[in-house]
Amino acid sequence: MATASNKKWWKNSIVYQIYPRSFCDSNGDGIGDIPGIISKLHYLKDLGVDIIWLSPVYQSPGYDNGYDISDYKGINPEYGTMEDMERLISRAKRLGIKIIMDLVINHTSDEHEWFKKALDGDEKYRDFYYFREGKGRKRPNNWGSFFGGAAWSKTDKGDYYLHLFSKKQPDLNWHNPEVYNEITDIMRFWLDKGIAGFRCDVINIIYKTSLDNGKKHLALTGKEYYLNTEGCHDLLRRFNEDVWSKYKTFIVGETVLVTPDDAKQLCDEEKRELDTVFFFEHMDVDSRGGIKWFKKRYKPYKLIKVLDKWQNALEIPANYLENHDQVRSINHFGNTKEYWEKSAKLLCGLNLSLKGIPFIYEGEEIGMTNGDFRGLSDIRDIESYNVNKALKRMLLTHSIRRKIILRTSRDNARTPVQWDSTDNAGFTNGEPWLKINENKSFINVASESDDENSILNFYKKMIEFRKNSKALSEGTYRKVASPSDVFIYTREAKEERLYVYCNLTSYPREVEFYGDRIIFGNYDEDDRQDFILQPYEYRIVASNI
Ligand code: TEU
Ligand code: CA
């Protein structure tokens, strides 16, 4: 019987996301791989990581770097073998690190056996997907894809199939019980291998209620037929009952376009659906009409407002400032120039002192910045590629498209991890699959390990601090009134009350001073003042209660 404490074994964990392609290459082909990950397990242990979220390593043609799976029970040979994967699981286990895998079940690759059989006319497998005849010369409906353009593509036979992402990613038909059986079997396969749970890709859109025309939106026309549907809630409860509850899993849902109310429903403990969710609202504080490609000026007070809202909405939110789909957080919310180091430490402090589970994305812990791409030809991402096509159709010039895409492309977060300052940053002995940032000369693990005051060592200290603090790891959260663009909040557990101060601007800010003694921060002793927060200053102040 699970006791109350071990039921949520994950709740005080630090999670680290590995995007395998860019993490560490062991054999010189320029592509990160599983043996490369194994070689860095001690590094992760030393950092204080408890759980690794491994982005897809399954068999895949790689059009969306593994988010297009062609065999859920196979390992992509670019990344290694099943033996390598088993070794990774057992070596990590020996170090006390658990692994959760990405579960991508809204769609498969169009090179999956199921889809190939479907295209060959096999009725059983046609019903695994959504094939429909066009309406006259028109597509079956007016839905849009997340990657720009229409959500339907034509087959050789002239009918269409639905894909909410690229045309290489046909959507599965979750009305079909056989799909349910196949996918739950796959979950068991990996859980039996010792995986601790899943990060469920776009999980809140898997169930479509109908294929009618949607209300016209600037983007994602059709969403009212698949966002957070009752059918999806129902599937999650069944996954739980049939599989997840039989193992001690940690399940985090990637839930697109969720509101706090949707998220509350999905994480409601009584309902037994998801343990926690990733929300996106904070990622979009600087995008126009929720479209990330069209930027507006970032205003820190908006970030504060959104984070505060979500801190209050969920008991255990999944907190993150970066992942493989977003620009680097220093570019997003910090300062890449004068205050690179200071703002990186501030963002670390912020992410790791909020209530919930902190997720750190590879390279974030050394302050990696967006890619320094020379032009569109350096970009590899399928989403960027599709969006470029869409912008072309809107008649935008090359130089404008270049600007939009280089600024926002997902490849910004996917440049190889900078392990040292050598030519290929210690990532590979060969030609890296994506351009390595020149700033590897000073942003890298080797030099930061040697420097006591580095961003990397700040992460280590912050993680340790959090682990030793009941207030930070499980206390309550409450925002404190503060000047705009300064985030001040308390974290409080039994005998411990902490005030967390974050100056999210590049200006000094006067603040009211709560609490009794400063116990942690990114300030320089020399210019620390009691009532002034320096640019990007972060501090934790303890209070006697
Ligand atoms: O991303 C879901 C998603 O909605 C993406 O469109 C993401 O929001 C976008 O890149 C930011 O605008 C997940 C995965 O994280 C992503 O890597 C995959 O490409 C996508 O699903 C399809 O599987
Ligand atoms: Ca390799």
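Q: Helices here are DSSP runs of H or I with at least four residues, and strands are DSSP runs of E with at least two, both numbered from the N terminus. Between which two elements is the loop that holds Ile-97?

A: Ile-97 is placed in the loop that runs between α4 (82–94) and β5 (98–103). This is a predicted model, where local features need pLDDT of at least 70 and side-chain atom pairs count only at pLDDT 80 or more, while totals for chains, interfaces and linings use all residues. Residues are numbered from 1 along each chain as its sequence is written, chains are lettered from A and ligands numbered from 1 in the order in which they are written, and side-chain values use heavy atoms, with hydrogens and water left out.

Q: Is Ile-97 buried or exposed?

A: Ile-97 counts as buried, at 3% relative accessibility, where buried means under 20% relative accessible area, exposed over 50% and partly exposed in between, with a 1.4 Å probe and protein chains only.

Q: And what is Ile-97 in contact with?

A: With contact meaning heavy atoms within 4.5 Å, and leaving aside neighbours within four places in sequence, the partners of Ile-97 include Leu-41, Leu-44, Val-49 and Ile-51. Ile-51 is 46 residues from Ile-97 along the chain, and the C-alpha atoms of the two are separated by 5.4 Å.

Q: Stepping back, how many helices and strands does the protein chain have?

A: There are 17 helices and 22 strands in the protein chain. Its radius of gyration is 23 Å, close to the 24 Å that the globule rule gives for 545 residues, so the chain is as compact as a globular protein of that length; the radius is taken over C-alpha atoms, and the rule is 2.2 Å times the number of residues to the power 0.38.

Q: What share of the residues is buried?

A: Buried residues account for 61% of the 545 in the protein chain. Among contacts between residues at least 6 apart in sequence, 69% join residues at least 24 apart.

Q: How is the chain divided into domains?

A: By an automatic or database domain assignment, the chain is split into domain 1 (4–108 + 177–464), domain 2 (113–162) and domain 3 (475–543). The C-alpha centres of domain 1 and domain 2 lie 29 Å apart, and 29 residues of domain 1 are in contact with 18 residues of domain 2.

Q: Where does Thr-490 sit, and what is it in contact with?

A: Thr-490 is part of strand β17, which covers residues 486–493, and it is buried with a relative accessible area of 1%. Leaving aside neighbours within four places in sequence, Thr-490 has contacts that include Tyr-477, Val-480, Leu-498 and Tyr-499.
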